[in-house]
Amino acid sequence: MEDKFDCIIVGGGIAGLSAAMTLARGNARFLLIERGEFCGAKNVSGGVLWGSDLARLVPEYWKEDAGFERFVSHRRLTFMDEQSAFSVDFKSNHFAETPYTGVTVLRAVFDAWFAGKVQEAIDQSEHPDESFIATDILVEEVVMEDGRVVGIRAGEETFLADCVIIAEGVNNLLTRQVGLEKPYVASDHVAVGVKEVLKLDQNVLEDRFQLSGRSGLTNEFVGACSEGVEGGGFLYTNQDSISLGLVLGMNDLRDKQKTPYDVLNTFKEHPVVADMIRGSETVEYSAHVVSTGDIKGMPAEIFGDGVMIAGEAAHLLLNAGKAIQGMDYAMRSGILAAETALEASKADDHSSSMLSNYRKALESSYVLQDMRSFQDAVHLLHREEMFSTIPNLVCDFGRQFFTIDSEPTMKASAMMRASIKRHASYWDLVKLGLKGAKAL
Ligand SMILES: Cc1cc2nc3c(=O)[nH]c(=O)nc-3n(C[C@H](O)[C@H](O)[C@H](O)COP(=O)(O)OP(=O)(O)OC[C@H]3O[C@@H](n4cnc5c(N)ncnc54)[C@H](O)[C@@H]3O)c2cc1C
């Protein structure tokens, strides 16, 4: 069967669904193809969806029983050594104002809900019978003619379109096929994420984490959580479960001969984490590759004749220490790619010169601005000191500062000097501090 759409979207994750919502609202005729049984079936995130773009796509989503778990009202960054945890903690009522700036999500629930919202938008559009969300179909090939993308092939079927938005996620095989990505992505541009969903009685969870209504906590960890492997951990509260996981450097795992699930088990046994997850039951285990946020990992270009690359397929992600931002980047890039496709349809021009407006829009959005501004922080996070020396030093200082043991007490400055002496060279630390201040 041959058919022609204004646009075909490959991938029904956050980027693909955001593009689809924008196209439906713009009355385009489009086809979204997802290989999972349903949208969300194959997807893994920590996950906090940061930013407020969701409210742009689904206004006042918080008024219904939407697919999110909790809004983020409490944030914590924890430095760990083997026995202790020293946290920077921030809780504020301002987070309760809508639109929220962060919501925790479970992707199997959230993506399926979001796909339902896209279907509603299709039903209300001018072409309710000419746009489709098709699941359980793998796109095997992007069809090209004279160097220009003209459609896709799935099994025996070919579908044609004026343009294709590739939103296939980090394992970007089709992006490589159209020649925008190298055949192999360097292993230092990707990490591995492992995550468990731990079910806990809702009342116990809310009492334990001091949550009320739909408020939630995000806790990031550095130090002993990763057993000396480059990376860090996270704990996010859902309605009646906890998402607990790690993002670990692939090369470092290989060099240190560790497996992600062993490191995750050790993380769960840390006394501080064990107290947080006590009484819970593992109901889901998942692992997924994730970009490191190094801008050098981006494809050579994110548009071509008849094609645009959105979301993590374009390695759009930032982890500069405060949070992992991949879903919000996927959402914004999906919106911008679809807006460009709508403009291109109006002008009846889907050439690479027209679609370069997508790149321009992304460059002037917070996505590429922040990725460029925070590259030093991304690189700093990968330095050994950040996941060993610094957390050990901070916890050592914390142990002295908070211990009252019927002995003369040192001044805090003397304690700090003693901790530095035990863990680092003073000048190396000053240099690192200056770099950190500049990077953030
Ligand atoms: C452990 C972990 C924790 C994370 N935590 C966070 C977090 O807290 N916050 C955050 O913002 N980000 C987080 N991320 C990153 C975030 O998950 C991604 O950046 C985000 O999901 C990217 O969205 P996407 O739509 O580009 O890709 P995806 O969500 O991966 O969606 C791609 C879709 O395309 C489909 N697909 C792929 N190939 C084909 C094909 N050939 N044919 C048909 N369908 C296809 C897939 O099935 C999938 O549904 C985390 C990632 C991991 C692994």
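**Domains and ligand site**

1. The protein is assigned three parts: domain 1 (4–60 + 103–181 + 299–364), domain 2 (190–290) and domain 3 (379–439). Please keep in mind that this is a predicted model.

2. The centres of domain 2 and domain 3, taken over C-alpha atoms, are 25 Å apart. Contact between these two involves 9 residues of domain 2 and 5 residues of domain 3. About 480 Å² is buried between domain 2 and domain 3, with 56% of it on carbon and sulfur atoms. On the domain 2 side, Val-222, Gly-223 and Glu-230 account for 67% of the area buried against domain 3, more than any other three residues.

3. The ligand is surrounded by 35 residues, and the closest are Glu-34, Ser-45, Gly-46, Arg-107 and Glu-312. By type, the shell has 17 nonpolar, 12 polar and 6 charged residues. Domain 1 and domain 2 each give at least three residues to this shell.

4. Ser-45 places a polar side-chain atom 2.5 Å from an oxygen atom of the ligand, and a polar side-chain atom of Arg-35 is 2.8 Å from a ligand oxygen. For Met-327, a backbone N or O atom lies 2.7 Å from an oxygen atom of the ligand.

5. Taken alone, the ligand would expose 1000 Å², and the protein buries 97% of that. Helix H1 (14–25), strand S15 (281–291), strand S19 (324–325) and helix H9 (327–347) are the elements giving two or more residues to the shell around the ligand.

Notes:
Residues are numbered from 1 along each chain as its sequence is written. This is a predicted model: local features need pLDDT of at least 70, side-chain atom pairs count only at pLDDT 80 or more; totals for chains, interfaces and linings use all residues. Side-chain values use heavy atoms; hydrogens and water are left out. A residue is near a molecule or strand if one of its heavy atoms lies within 4 Å of it. A polar contact is a pair of N or O atoms within 3.5 Å; within protein, one must be able to donate a hydrogen and the other to accept it, and residues adjacent in sequence count only if both atoms are side-chain atoms. Accessible areas come from the Shrake-Rupley method with a 1.4 Å probe; for residues, only the protein chains shown count as cover. Helices (H or I, at least four residues) and strands (E, at least two) are DSSP runs, numbered from the N terminus. Ala, Val, Leu, Ile, Met, Phe, Trp, Tyr, Cys and Pro count as nonpolar, Asp, Glu, Lys and Arg as charged, and the others, Gly among them, as polar. Domain bounds come from an automatic or database domain assignment. Contact means heavy atoms within 4.5 Å. Buried area is the accessible area (1.4 Å probe) that two parts lose on being put together, summed over both.
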